[in-house]
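Please find below my notes on the model. They are set out as numbered points.

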Amino acid sequence: VRKLKEKRRTVEGKLERREIVKDYSTFDSQTYAPMSRVGVFLDRGSEQYNVKSYHLNTYQGLLELEASLPDFVTQPRIQAPKPKSSGKRGFVKRSQRRQRELEEVANAIELAKKPLEIQKPLRFLVKVEKPIPRPPTPSVEVPSQFEEEEELAIIFLQKVVRGRAIQNMMFEGKEKRLELIQELRSTHALQEAGQLEKKNKRQAVLSLQRQRRLDTNKNSFVEEALAQMEGSTLADMFDFLSKELIRIQEERRIHAFAMLAERQRRIREAKESGRRQLEERRRREEDEIFKQVVKVHQSTVDTYLEDIIMGAIDKTAEEQARKEIQEQAEKINQVAYDMEKTRTKLQSEEIVAELVSSFLLPEVQKITMRENG
């Protein structure tokens with residue numbers, strides 16, 4: 001039905017362009033209410049909008065949510081509007097007065113039942129402590145220049161006195177231990193001979209060590225020279241051997257490559273020779289075929305020419321024979337007509353008898369000879 005309706009609507013076959021303003025101004029269009037048969041499903045993916053919360057799915061969560069809500073949410077405080085007095089001059093009816101009294105009593109009972117609320121501390125309130133005030137900065141009186149120079153002079157004088165006192169203490173100590181110093185000096189003088197002998201021994205040992213060091217250096221130099229010569233000789237020999245080995249390997253490799261190349265060349269030559277023989281055989285066959293074809297063509301041409309010539313000769317001979325026969329026939333006819341005119345009955349019978357004998361008797365003789373043979 002929808003298809004028929006759509007065809008009737010577009011019976012002329014004209015394509016209608018979409019009117020965006022009309023689609024958005026009409027609330028029953030595909031923009032606001034798309035149809036499912038077109039492929040639009042409004043409830044597709046609606047699971048992602050489902051709220052999954054601990055406070056809504058469990059009883060304990062509901063209790064916590066209810067405890068966290070303020071009182072004005074669970075206990076709404078909506079005051080009913082006061083009815084207007086229907087009487088004149090502000091007169092209130094008895095029923096309205098009783099209703100007001102009942103409301104006041106109910107409010108008093110609710111206030112009596114309601115427990116005292118403990119004021120909760122503020123959650124996000126933080127006490128900001130004030131910083132401790134700084135103490136006053138101490139100040140020093142600036143001395144005068146004369147006082148500074150006087151103080152520097154006193155300090156210098158103290159240094160001089162202290163240095164002189166230390167010198168006096170050192171001199172007094174030297175005087176007290178003068179005998180010990182002299183004893184040490186005499187002992188040192190007695191030990192000069194031993195020290196000289198030790199010095200000579202030390203010099204001898206040093207000279208021996210120097211000589212040994214020189215000998216060792218000389219031997220090491222000689223050994224180093226020999227080792228260098230041996231090393232250079234061995235290096236040259238090993239270098240020569242390695243180069244010879246590399247040369248032999250390269251020579252063998254080149255020889256192997258040459259043999260392989262020679263083998264490949266021979267194989268290629270054999271293939272080329274076989275291919276050449278095949279080409280020559282094919283060429284000879286083609287030449288022979290060409291010769292045979294030419295020969296056949298030549299024989300065909302010769303036969304055709306012979307046929308043409310023979311046909312022409314036969315035709316010419318036939319025409320000439322026909323002419324001669326016609327001439328002979330005319331002559332014979334003329335003679336026959338002349339003889340017919342002058343012939344008698346006896347001559348006619350003789351002619352018939354000769355014809356019969358010439359035609360029938362030979363045939364009878366042939367049949368008789370066949371039967372006898």
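**Notes on surface and fold**

1. Val51, Leu56, Leu62, Leu65, Leu69, Phe72 and Val73 make a nonpolar surface patch of about 630 Å². Patch members are residues with over 30% relative accessible area and no salt bridge, where nonpolar side chains (Val, Leu, Ile, Met, Phe, Trp, Tyr) are joined within 5 Å and like charges within 9 Å. A salt bridge is a side-chain nitrogen of Lys or Arg within 4 Å of a carboxyl oxygen of Asp or Glu. Areas come from the Shrake-Rupley method with a 1.4 Å probe, and for residues only the protein chains shown count as cover.

2. This is a predicted model, in which local features need pLDDT of at least 70 and side-chain atom pairs count only at pLDDT 80 or more, while totals for chains, interfaces and linings use all residues. Residues are numbered from 1 along each chain as its sequence is written, and side-chain values use heavy atoms, with hydrogens and water left out.

3. Helix H4 (59–68) and helix H5 (71–74) each supply at least two residues of the nonpolar patch. Leu56 of that patch sits in helix H3 (residues 54–57). Its relative accessibility is 48%, so Leu56 counts as partly exposed (buried is under 20% relative accessible area, exposed over 50%, partly exposed in between; 1.4 Å probe, protein chains only).

4. The protein chain has nine helices and zero strands, and its pattern along the sequence is α-α-α-α-α-α-α-α-α. Helices (H or I, at least four residues) and strands (E, at least two) are DSSP runs, numbered from the N terminus.

5. Of the 373 residues in the protein chain, 1% count as buried. The accessible surface is about 37900 Å², and carbon and sulfur atoms hold 58% of that. Among contacts (heavy atoms within 4.5 Å) with a separation of 6 or more, 9% join residues 24 or more positions apart.

6. Ser29 is buried, at a relative accessible area of 9%, and is found in the loop between H2 and H3. Leaving aside residues up to four places away in sequence, Ser29 touches Asp23 and Pro34.

7. Arg37 lies in the loop between helix H2 (20–25) and H3, and is exposed at 53% relative accessibility. Arg37 gathers with Arg2, Lys3 and Lys7 in a surface patch of positive charge. Lys and Arg count as positive and Asp and Glu as negative, with His and the chain ends not counted; the charge is placed at NZ of Lys, CZ of Arg, CG of Asp or CD of Glu.

8. Glu147, Glu148, Glu149, Glu150 and Glu151 form a surface patch of negative charge. Glu149 belongs to helix H7 (residues 145–176) and is partly exposed, with a relative accessible area of 49%.
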